[in-house]
Amino acid sequence: MGYGAMQLAGPGVFGPPKDHDVALAVLREAVGLGVNHIDTSDYYGPHVTNQLIREALHPYPDDIVIVTKIGAVRGADASWIPARTPADLTRAVHDNLRNLRVDALDVVNLRVGGISEPIEGSIEEQFATLADLQRQGLIQQLGLSNVTSAQVKQANSIAKVVCVQNHYNLVHRDDDALIDELADSGIAYVPFFPLGGFTPLQSSTLSEVATRLGATPMQVALAWLLHRAPNILLIPGTSSIAHLHENLAAAELALTDGTLTKLGAIDGEGVQRAP
Ligand SMILES: NC(=O)c1ccc[n+]([C@@H]2O[C@H](COP(=O)([O-])OP(=O)(O)OC[C@H]3O[C@@H](n4cnc5c(N)ncnc54)[C@H](OP(=O)(O)O)[C@@H]3O)[C@@H](O)[C@H]2O)c1
């Protein structure tokens, strides 16, 4: 169970957090409770989450893995603008190195595709740029985000892919086949929006199961993901210490086969989302 830092920036993932000290406390609490996988990007804020991570945690514990992603920049109006030329990607790696204050980034995901779904097409030039930066010693491991199976195969023929970060949760299951494929290849799958993203999941089945187990719906949604496949690593995002505790405790929640079947049938039940 890791932690996704995106929620620490201001509204719309833009600008400073609503409470700087709470943001630092969330990060320190996560690491204090044993989290050693933190997901971030220099375009959150922009620069805000990386600077908070540095302020809260630098010098970093030896075992911590900070995973960042590149492939976009932010407009002055908070828009998300693709930035994937070799020069853009190289600049983004240097921005991440500076803001996180490290000599080499642990893992860099190349973020491609649309807003939250992949778009088929070659990523050869972009991934080759990352592979070059890895050879220069600026990046330790490479990953991908928002990609198709064909794009994973193409990237893997250029340099080793260690993780894929795509949109997936209890009610968004487009990647079922990809997850199993990656498990067979020993590649980690890290779902973004594991709780549904900006509008957390709501389903009557999820609530019923949670009540029966004495857990919260969000905990059950996370536990379901952990039971889904051995290569799934979680990075639920929160700006709240109480939610952080709740999310980390989900790792202890055991689900029976019967419960997993019931939850697995939620996809398509006409799930409502919170307004
Ligand atoms: N690769 C990509 O394109 C991409 C895209 C999106 C996100 N990401 C990464 O994935 C991580 C996770 O995604 P996410 O943060 O967007 O979505 P998420 O983890 O699915 O959900 C975050 C939302 O759920 C709320 N929440 C968290 N824990 C809760 C709990 N226990 N009870 C009730 N509400 C809870 C949060 O609000 P509070 O702050 O109030 O807890 C926030 O509104 C991000 O932090 C980011 O690092 C990557």
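In this predicted model, His47 is found in the loop that runs between β2 and α2, where its phi is positive, at about 75°, although the residue is not a glycine. With a relative accessibility of 29%, His47 counts as partly exposed. The loop between β2 (37-39) and α2 (48-57) also contains Pro46, and the peptide bond that leads from Gly45 to Pro46 is cis, with omega near -15°. A further cis peptide bond, with omega near 0°, joins His58 to Pro59, and Pro59 lies in the loop between α2 and β3. A positive phi is also found at Phe193, another residue that is not a glycine, with a value near 60°. Phe193 is placed in the loop between β9 and β10 (201-202), and its relative accessible area of 22% makes it partly exposed. As background to these backbone features, most residues other than glycine have a negative phi, and most peptide bonds are trans.

The strands β1, β2, β3, β6, β7, β8 and β9 form, in that order, an open sheet of seven strands with parallel pairing. The edges are taken by β1 (3-4) and β9 (188-189), each of which has a single partner strand, so that one side of each is left without a neighbour in the sheet. Within the sheet, strand β3 (residues 65-70) runs parallel to strand β6 (residues 105-111), and the two are joined by four bridges. Ile70 has Leu110 of β6 as its bridge partner. The pairing of β6 with β7 is likewise in the parallel sense and extends over six bridges, and here the bridge partner of Leu110 in β7 is Leu144. Helix α5 (residues 149-156) lies across both β7 (139-145) and β8 (161-165), and runs at about 155° to β8.

Leu100 belongs to helix α3 (residues 86-100) and is buried, its relative accessible area being 2%. When residues up to four places away in sequence are not counted, Leu100 touches Asn50, Ile53, Arg54, His58, Tyr60, Ile66 and Leu105. Among these contacts, His58 is also the residue from which the cis peptide bond to Pro59 extends. Leu100 and Ile158, which are 58 residues apart in sequence, are separated by 27 Å in space, C-alpha to C-alpha.

Empty space in the model was also examined. Rolling a probe the size of a water molecule over the atoms shows where such space is left. The largest pocket has a volume of about 920 Å³. Its lining is made up of 39 residues, of which Met6, Gln7, Phe192, Phe193 and Phe198 are the closest to the centre of the pocket. The elements that contribute two or more residues to this lining are β5 (80-82) and α9 (241-249). By residue class, the lining of the largest pocket divides into 19 nonpolar, 15 polar and five charged residues. Phe193, one of the residues closest to the pocket centre, is the residue described above with a positive phi near 60°.

Definitions and conventions. Residues numbered from 1 in each chain as written. Predicted model: local features only at pLDDT ≥ 70, side-chain atom pairs only at ≥ 80, totals over all residues. Heavy atoms only, no water. 1 Å grid on protein atoms, 1.4 Å probe; cavity = no way out; pocket = protein on both sides within 12 Å on 5 of 7 lines; lining within 4 Å. Points joined across faces, edges and corners; volume = space filled by probe spheres on them. Nonpolar A, V, L, I, M, F, W, Y, C, P; charged D, E, K, R; others polar. Pairing = 2+ DSSP bridges. Contact = heavy atoms within 4.5 Å. Axes fitted to C-alpha atoms, helices over the stretch in contact; angles between N-to-C directions. Buried < 20%, exposed > 50% of the residue type's maximum accessible area, 1.4 Å probe, protein only.
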